[in-house]
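Here is my note on the structure you sent over. Please keep the 3D view open while you read.

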Amino acid sequence: MKLLTLNVEHFRCVRKAKVDFGPGLNVLYGPNDLGKSSLAAAIRAALLLQSTSKESEEFVSWHGTGDPHIELVLESEPQRIWRVRKTFGTHPQAFLEESRDGVDFNVEARGRDVDGRLREILRWGLAQPGPKGPKGMPVTFLSTALLAEQDGVAAIFGKTLLDDSDESGKKRLIEALQAAAEDPLFKAVLNIVQARVDEAFAASGQRSRRKDSPWVKLREQIGLAEEEERQCREQLQKTTSIESELQGLFSRRLDCEAVLAKAVENLKTAESARDQAIRRAEICKRLKESKDRLTEIASSIKRLSDAQSNYAELSQAIERLVEREKEAQLSLTEKVTRLEAAKEDVRIQGAKHEHERQLKRSAIDEKRAAILSEQVTNNAAVTRLEAIESVAQRAQKIESAVDELTRRIAELTNQHEKALKALRDLDERERELSGIAQSIRGKLARTGIAEAEKALAQIEEWRQESNRFVSEAIAIEATVDATTLPSAEDLDSLKELEQQIQVARARLGVGLHMSLSPKRELVIAIRRDGGSPEALGATKILVEANAKREIEIDIDGIAEIRLAGGEETAREEAARLQARWAAEAEPVLKRAGLGSLNDVVTAANARSKNLEEIHRLRQLADGRDQRIRDQRDWGSILAKHRRDLETAEAGTIEGHRAQWEAVAKKLKINDLAGAEAHLAKLSAERPKLIDRARIPEGELTAARALSNEKQKELIDAREELLAAQSAVEGYSEDLLTQLVDRQSELDGELTAAKQELQELDLDVDSGLAAARGSLDVAEKEHRKAETAHHEIAEELRDAESKKATLEGELRILGETVAKLDEVAARAAVVAAETELAGAAIPAREITDEMLTGLKSSAADAQRELTEITDAIHKKSGALQHVGGQIAKGRTDDAQEALRILHEKERDLEIDYEAWALLRETLLEAEQEEGVHLGKMLGGPIVQRFSDLTEGRYGTLNLGPDLETGKITVAGEGRQVGALSVGTRDQLSLIFRLTLAEQLKSVVVLDDQLTQSDSQRMIWLRDLIRQSAANIQILVFTCRPADYLSPAELKPTKKLDHLAMAVRPIDLAQKIERSAASEPRPAGSGRLG
Amino acid sequence: MTTAEEQDVALKILHTADWHLGVRFSSFGDEDRTKLTRARIDAVDRLLGTAESYSVNAVLCAGDLFDTPAPDEHWWKGLAEKFQRRNWRDRPVFLLPGNHDPLQPNSVWSADHGFRRALPSWVHVVDRDAYEFPLSEEAVLYAEPCRSQAGSEDLASRLPLRSPGDQRIRIGLVHGQTFDIAGHQTNFPIAADAAQQRGLNYLAIGDTHGFRELPPRNTPTVYPGAPEATKFGELDAGFVAVVFFPRQGRTPIVQRQKVGLWRWRDERITSLADLELLRAEELGECVVRLTLAMDVNLAQFERIEKILDELKGNEATHGRAGVLQVHRGELGLNTGSGEDLESGLPEVLKSVVQRLQARAGLKDGAVARQALYNLYKTYKAVRGGPRALPGAATQTAGDGR
């Protein structure tokens, strides 16, 4: 992640600032109190603090000109650019926008959602905002590491990932460190294993349902095999079942055949016995018939005698019945006569009573009509009288209201007058107090004028001092700029080159000895070790010379000989270094106009001192300027006091002043505040008094208007009453009572008439009832006589019918008896008895039921046998269709195939589950190896720290959650807190840089290395620059020279290429401070 | 048989049965299934060739020539073509419907079926009851077809009895199972003494897949068996019977003739050495059912996998075994202490081995053991050879390869 731009407005002392960040090292420099830390705080606030948080009060502009506003653009990953816009203060707002190109932004979240989304993007271990979330400026391990405050540069040592409000920070670190530390071999194994797992399992862990999944193909095969096996099994079950049934049927057929044979035999035996029994039965039957014939003849003779006797009795009975029938006929005639008389009586009685009733009812109805008519008249009169009563009551109520209003008007008039008087008193007191206040203001203005004049003199003195310091600095700068010296790095490089040349030369210094014997006179000159030539002149004698590394001999006109010591490689190295010297060092010396590198060093030291002096002078000038800026606007203050004095003295009369002073003394008013307090008190009192006067006045007006209205209503009511009374004839006050009494009387009369009518109806009904009772009795007696006559006549008809029947019977019986042959009948009986004695007797009695039973049993057995045989045929037929042995064979095959497929599936399951288990175990192991963040991060930190401190410190113990343990010093573990402040800050810087590198994240360093010496500072600066090749670093500092070379500090066009790697940002040009015209409000935050 | 004997022969027949063309071999994979089904139709060629080489007078096919009554066109066409390629006007072939391919409407035997129409005239189908065909003046064939897949009737009992004075060689042709005990049988039972009862010189039957000759010798009843076995455990499959009928009513000579190529081997392997021995054998036309019943270490396990790959073949190479079926249910993987496996591994993989090792020792540790093997195999693949795992490499080398 890196930051692209920051825009800030009305943020603490910063009125406005806009900064564009580079991708690598950004050195944001400026003098103290410029607002650097405010910008760092703004970055933290934009990323971490909710716009509605109370913590944001700290950001309020010191000059109250607007709500603090921050706009931060950042890139979380390539082409994912985010713009955070937050406004704090009275109208908090927040927006998060996303863009691919940094130009077109779309709103991603707003309001409260902004921080939630930001925390997802950052993954710094910060829980989502909510009621239970952290309050104020949230702090996590990573926010501390990446955005530590100026006074908390080493706060990282007190932190651990365990303190985070969620695990996102830890997870992010684990991912980053694991990705960095992943063994390629492990990765290769994991990839293969994952590929195998992917063949069979979906991402969810479920078995893959893809077409090419091994499960799918195998499952299809198993499904088909199962279906095949099921069908075969069903077929086999049918076969088995049919075979079993067939076996049962064959067994049953054998049983059934045995039963049938037995039944047939039993039937034959029974039929023989039955034939014998039939023969005997026939003989017995004939015997019985003969005997019966004989008995029948005797019986017929007896029946004839009995019939003759019965006929005589019946003739006598018929004569008695004829007599009784005559008597009954006479009685009936008498009853008919009585019934007719009773009916006539009832008709006469009914007509008479109906006439009487008609007469009485007419009289009563007339009376009722008269009563009802009078009632209607009376009701109308009562309604009119009740209306008059209602109007009278209304008039009385209005009269009471008018009296009440008259009383209230008097009361309100009194209150209003009192209030007006109080207001007049108040005006008088206010005039006195205004005079007192004006007098005091005059005095104060005079004092203020004196103070402002003194402050203006002091400011002028500081301005002169500042100008002096700046002039001195400019004078020194003029001398510094005139010299062209190499940079510190170049100088170091040249020094190293010089040293290498010295070493190379030393390697050539092996020691040389030369001897030259001229054969004739020669002019010789010798030069040793690059020194000055020695001219020996013309000589013929032996010449000898010693040198360390080189001897050059010039024989005039003949030859130049050069002898050099050292190996060839060493010579080449020396030559190469010398060439480098000529190319690199000599132009520098030439440009500087100096002879040697030592001169250059001396000149550089002098220049460094000059720069320090310039820096000191400019700081002094800045200090004076700052003091001036921090002063109030004394000129305006002076003018204001003068205007106040003039106002206070205008229009004041001396006599009044004496009066005011007397009043002030009386009221113990010594200052303006006292006078204004009294005035304020009076001012507060005035609205109350005005209200007190205004309320009765309003009410009074309203009461008077209401009173007038009510009086008008009263007159109308009284007129209405008189009109109503005159409309009623004979009106008097007790007329209503009289009418009511009369109504009651009429009601009583009406009730009496109704009762009379009911009584008349009752009388008529009782007269008719007696006549109808006599008629009922006559009708009953008539019905009784009629019944008795009917019964006797019926009895007579029956008797005569019986007599006729008996006469027929007697005639037939006489004829029959005359024909009977008793002798022949006796002979037949004897013959039958003889035959019976000769017939065979059966072994046992065979009844029809028994014989039927035996036949039925034989038939049943035969039927069952037929059924079984049919069933066997059917089952055999069915068996032919279901397969028999074939079904068994096919079922075996199908089961074997299914078993093999299941086995294959099991093998497949084990194999793929094994791949899945292996994948899981690989990830588990990787996870556990990777979660000890201390182990993973500790190495690089310790290595760097050891390099910085030249091995003085050993191992740094970091826990699994990056909690800082002890650091080894001289073989002993010590707490980090025991280190010097500078060393601890340096260790913290290494820790934070290393973390940021792993996360590939921006890191903000706010004056991190103020306590470091120059040697370590150089090493650390190199480290920062090295890290900045990979990550973005923002350094806020008031000492830019610690991080930037002079060339970078004052970039020219030639150095623009540095913008990519190192970007110096002069915040004095970027920050527009708020005008220092007003004092800083108390408690409005720290200085920037 | 000597020439004299041959001259004394009144009739030579080739008796075969149970071709089961179209049987599905559902226990095998597609490729193996193709091999095995093709082998069955190839066997028909060989047995017809045998008939030619013996110059038999007739070929009797005693049922179950197809596995189902209505086989796929592929099968009946293939068979018809085999007949069409021959010109056996004097050598009739008799095809008898068995219980697998009974004579039913819409079956391959129906008169209007394509198969029937494609058959040469000298190929006869026993498509009616009380079938009688004079093979020569001296010999007659009686046959009864199966009309259903199961039946309790003894079809041999329907064959006519020898008439007094009938001196011909009488041959019966039916399909069913002989039985020796009384009771109900549903698989077309044939009385063991049916040949004697019906006055037959030879009763040619089919159903049992292994070659079997039933006494008495003078009136033999013979199952020739299937020309190629259909499953493991079918003893004496792969034959036909060539029968010589001497004149003068002498006892016929039954000769068993091999026509099958494929062997069905059910092997239970209990050591790697045994597996190596098996691997060394010629298994080209062999159906091998391999039950691995042993505990092996990682290297041995890897060797087993390699041998199995070699036997089974892959997309690039043919397997050395004709058809291979492997059962691993009793194959145990012993991962030992895991120390050998760990040596030389990166720390994180060592940790993986330890974790899997801990689970491998549990009762249900098969998956963990397999996972260890998978790791072993994968790691070797990644590192490109056995040197990556010294312990395992030693074990592999110790196997002598």
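The points below take the interface between the chains, then single residues, then confidence.

1. **What kind of model this is.** This is a predicted model. Please treat each value below as computed from that prediction.

2. **Extent of the interface.** Interface size is often quoted as the accessible area lost when parts come together. Here chain A and chain B bury about 3,600 Å² between them. Carbon and sulfur atoms account for 63% of that area. On the chain A side, the most area is lost by Leu185(A), Ile886(A) and Leu917(A). Together these three make up 15% of what that side buries.

3. Five salt bridges are counted between chain A and chain B. Side chains of opposite charge can pair when their charged atoms come close. Look at Arg890(A) and Asp67(B): their side chains form a salt bridge, at 3.5 Å from N to O.

4. **Which elements of chain A take part.**

5. **Ala455(A).** This residue sits in helix α6 of chain A. Is Ala455(A) buried or exposed? Ala455(A) counts as buried because its relative accessible area is 14%, and the cut-off for buried is under 20%. Now find Leu956(A). Ala455(A) and Leu956(A) are 501 residues apart in sequence, and their C-alpha atoms are 57 Å apart in space.

6. **Arg1021(A).** Helix α19 (residues 1014–1028) of chain A holds Arg1021(A). Arg1021(A) is charged by type, yet it counts as buried, at 14% relative accessibility. Which residues does Arg1021(A) touch, beyond its neighbours within four places in sequence? The contacts are Glu489(A), Ala1041(A), Asp1042(A) and Tyr1043(A). Asp1042(A) also has a salt bridge with Arg1039(A), at 2.9 Å from N to O. Arg1039(A) is partly exposed, at 34% relative accessibility.

7. **Salt bridges in chain B.** Over all chains, the structure holds 86 salt bridges. One joins Glu153(B) to Arg158(B), with the closest N and O atoms 2.8 Å apart. Glu153(B) is partly exposed at 37%, and Arg158(B) is partly exposed at 33%. Another links the side chains of Asp236(B) and Arg256(B), at 3.6 Å from N to O. Asp236(B) lies in the loop between β12 (221–223) and β13 (239–246), and Arg256(B) lies in strand β14 (residues 253–258), so this pair ties together parts that are 20 residues apart in sequence. Asp236(B) is partly exposed, with a relative accessible area of 38%. Arg256(B) is partly exposed as well, at 41%. Salt bridges that share partners also form one network, made of Glu896(A), Arg899(A), Glu903(A), Asp266(B) and Arg289(B).

8. **Backbone points to check.** Most residues other than glycine have a negative phi, and most peptide bonds are trans. The bond from Pro215(B) to Pro216(B) is cis, with omega near 0°. Pro216(B) is in the loop between β11 (212–214) and β12 of chain B. Ser55(B) is not a glycine, but its phi is positive, at about 50°. Ser55(B) lies in the loop between α2 (30–54) and β2 (58–61) of chain B, and is partly exposed at 40%. Asp207(B) has a positive phi too, near 155°. Asp207(B) is in the loop between β10 (202–206) and β11 of chain B. At 11% relative accessibility, Asp207(B) is buried.

9. **Confidence in chain B.** Chain B has a mean pLDDT of 88, and 90% of its residues reach 70 or more. Where does pLDDT stay under 50 in chain B? Residues 385–401 are such a stretch. The model has 30 contacts for this stretch beyond four places in sequence. Where pLDDT is low, the predicted coordinates should not be read in detail.

Notes: Residues numbered from 1 in each chain as written. Chains lettered and ligands numbered in written order. Predicted model: local features only at pLDDT ≥ 70, side-chain atom pairs only at ≥ 80, totals over all residues. Heavy atoms only, no water. Buried area = accessible area lost by both parts, 1.4 Å probe. Salt bridge = Lys/Arg side-chain N within 4 Å of Asp/Glu carboxyl O. Helix = DSSP H or I, 4+ residues; strand = E, 2+ residues; numbered from the N terminus. Buried < 20%, exposed > 50% of the residue type's maximum accessible area, 1.4 Å probe, protein only. pLDDT = per-residue confidence, 0-100. Contact = heavy atoms within 4.5 Å.
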